[in-house]
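Here is a short briefing to read alongside the model. Have the sequence and the 3D view open as you go.

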Amino acid sequence: MPTLPTTTRAAIAVAIAGITASLLTGCFANPVEELVNRGVEDAIEGATGGDVSLSGKLPADFPADVPVIDGKIGLSAGAGGTEGWIIAVTSSSTDAVADAAAALEGGGFTEDTTVSGGQVGAKVYSNADYLVLIAGEGATVSYTVTPKTQ
């Protein structure tokens, strides 16, 4: 399968992260929602072969050298390899994107570009191995992590 250029992957990631951040504004406590979430997880996992969780856990193969802020993980998905991972975290912060940016910078990542539009801000960071897009609003931030092609 051909690998998309980094700029194309970043643009796709910005769109996905923006949608994810805008959709994750509530909690998943309702039993009906839990059933729906399980069905969604199963459907996505079946279609993609990836690991999907709406129950607050990082994918098992999520890269340990990508720092993630403390908070409740509302969504996580990953196929690993060249496909990457997506997670959404809701923290007690009022600016989770700034906190996530600080954590990435503290972990050795450098900012590549900043994109913002309306209420949702987005930033792209990278190190030698990964490209990380963070996007969100208020207490919620989503991470889209893709391995760099060597």
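This is a predicted model: local features need pLDDT of at least 70, side-chain atom pairs count only at pLDDT 80 or more; totals for chains, interfaces and linings use all residues.

Residues are numbered from 1 along each chain as its sequence is written, and side-chain values use heavy atoms, with hydrogens and water left out.

**Overall layout**
- The protein has three helices and seven strands; helices (H or I, at least four residues) and strands (E, at least two) are DSSP runs, numbered from the N terminus.
- Along the sequence, these elements follow the pattern α-α-β-β-β-α-β-β-β-β.
- Of the 150 residues, 40% count as buried, where buried means under 20% relative accessible area (1.4 Å probe, protein chains only).

**Strand S3**
- Six of the seven residues of S3 (residues 84-90) are buried, so this strand is largely enclosed by the rest of the structure.
- S3 runs antiparallel to S7 (residues 140-147), and six bridges join the two; strands pair if DSSP finds at least two bridges between them.
- Within this pairing, Ile86 has Thr144 of S7 as its bridge partner.

**Helix H3**
- In H3 (residues 96-106), the buried residues are Ala96, Val97, Ala100, Ala101 and Leu104.
- Those buried residues line one face of the helix, because they fall within an arc of 140° seen down the axis of H3; the arc is that of the directions from the helix axis to the C-beta atoms.
- After H3 comes Gly108, with a positive phi near 95°.

Key. Buried means under 20% relative accessible area, exposed over 50%, partly exposed in between (1.4 Å probe, protein chains only).
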